[in-house]
Amino acid sequence: NSEALLYLIRHYYHQDNYEKTLKLTALGHLSSNTFVKQEAKNIENSIKEKRLYISMEKVNLPHENLLTSVAYRNIEQMFVKVFKLSKDEQITFNQLSHHNYDALQYLNKMKPLKSLDFKLPKANDHKEHTTELSLESHDIGQYIFLFSSNKDFDRESFYKEVTISNLSYLQKDKRLLILHRKSGAPLEGVKVILTNHKNEVLTKQ
C-alpha cells in the first residue's frame with residue numbers, strides 16, 4: 001500500500017541507497033495518494049539536485065599552481081571565469097557584493113582575464129564526491145573566480161575572491177610584522193595602507 005511504499009522510500013533514502021530509492025519513487029509517482037506522490041517527487045528532486053562547493057585559500061603565492069578542492073554532486077563539468085579587476089571596478093564590485101545577484105550580473109557583463117572548464121570524474125550514484133583541481137598560476141594582484149556548473153553562468157553561479165601575494169603578516173596589539181609568505185622571513189621598509197570595503201584609505205604606516 002501507499003504507506004508501506006513511502007516507508008521504504010524514506011528508509012532507503014536515509015540509507016543513501018539512491019538507486020533503490022529512485023526505483024521506489026517511480027512507483028510513488030503512480031500512487032493515488034497525493035501526499036505519497038508529492039513526497040516521492042520531493043525526495044527524487046533532492047537526490048537529483050546539482051551541488052557544487054569550492055574550497056580554496058584566500059591568499060596564494062604568485063606563479064604557483066592555485067589548487068582548489070571541489071565537492072560536487074550530479075555534475076559532470078565545471079566552468080570558471082577569472083577576473084582581475086581595476087581599482088575602480090573593485091570599488092563597484094564591493095558595493096554590489098552585498099547583493100549576490102547584482103554582483104553576478106556585474107561580473108557576467110565583464111570580459112574575463114581567462115576562462116577555464118573542467119570535466120569532473122564521472123559518478124552516477126547521485127552522491128557527493130571530491131576532487132582537487134589547479135586553477136593555473138597567476139601574477140600578483142586581486143582576483144575573482146566565478147564558478148558554475150553550466151556555461152551560461154546563471155544565478156546559481158558563485159564567486160570566490162582571492163589575493164595573489166608574496167606577503168603575509170602577524171599582528172600583535174597595534175603592531176604588524178610583515179613576512180615573506182613562502183620563506184617566513186621578516187621584511188623591512190614595507191608600506192602598509194589600511195582601507196575599508198570601499199577602498200577608502202584609513203591610515204598609512
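Reader: I'm new to this one, so let's start with a single residue. Where does F153 sit?

Author: F153 lies in the loop between β7 and β8. Keep in mind as we go that this is a predicted model.

Reader: What should I look for in its backbone? What is the phi of F153?

Author: General idea first: most residues other than glycine have a negative phi. Now the case here: F153 isn't a glycine, yet its phi is positive, about 50 degrees.

Reader: And is F153 buried or exposed?

Author: Buried means under 20% relative accessible area. F153 has 7% relative accessibility, so it counts as buried.

Reader: Which loop holds E136, and what is its phi?

Author: E136 is in the loop between β6 (129–134) and β7. It's another non-glycine with a positive phi, about 70 degrees this time. Because its relative accessibility is 33%, E136 counts as partly exposed.

Reader: On to helices. How do I read the way α1 and α2 pack?

Author: Look at the angle between their axes; over 145 degrees counts as roughly antiparallel. Helix α1 (residues 2–14) and helix α2 (residues 18–28) pack at about 155 degrees, with axes 8 Å apart. That is why α1 and α2 are roughly antiparallel to each other. Their crossing is left-handed.

Reader: Which residues make that contact?

Author: From α1 you have L5, L8, I9, Y12 and Y13, and from α2 there are Y18, K20, T21, L24, T25, L27 and G28. Sorted by type, the α1–α2 contact has eight nonpolar residues, three polar and one charged.

Reader: What about α4 and α5: at what angle do they cross?

Author: Helix α4 (residues 87–96) and helix α5 (residues 100–108) cross at roughly 150 degrees, and their axes come within 8 Å. So α4 and α5 are roughly antiparallel too. E89, T92, F93 and L96 of α4 meet D102, A103, Y106 and L107 of α5. That contact divides into five nonpolar residues, one polar and two charged.

Reader: Last topic: cores. How many residues are in the largest nonpolar core?

Author: In soluble globular proteins, nonpolar side chains tend to be buried together. Here the largest nonpolar core has 20 residues, and M56, V70, M78, V80, L135, F145 and F147 have the most contacts inside it. Elements giving two or more residues to this core include β1 (51–55), β3 (67–73) and β7 (141–148).

Reader: What does M56 touch?

Author: Leaving out residues up to four places away in sequence, M56 touches L66, L67, T68, L135, F145, F147, K160 and V162. There's also a second, separate core of 13 residues, with F83, F93, L104 and Y106 among them.

Terms used: Residues numbered from 1 in each chain as written. Predicted model: local features only at pLDDT ≥ 70, side-chain atom pairs only at ≥ 80, totals over all residues. Heavy atoms only, no water. Axes fitted to C-alpha atoms, helices over the stretch in contact; angles between N-to-C directions. Helix = DSSP H or I, 4+ residues; strand = E, 2+ residues; numbered from the N terminus. Parallel < 35°, antiparallel > 145°, perpendicular 65-115°, else oblique. Left-handed = near helix turned anticlockwise from the far one by under 90°. Contact = heavy atoms within 4.5 Å. Nonpolar A, V, L, I, M, F, W, Y, C, P; charged D, E, K, R; others polar. Core = buried A, V, L, I, M, F, W, Y, C linked by side-chain atoms within 4.5 Å. Buried < 20%, exposed > 50% of the residue type's maximum accessible area, 1.4 Å probe, protein only.
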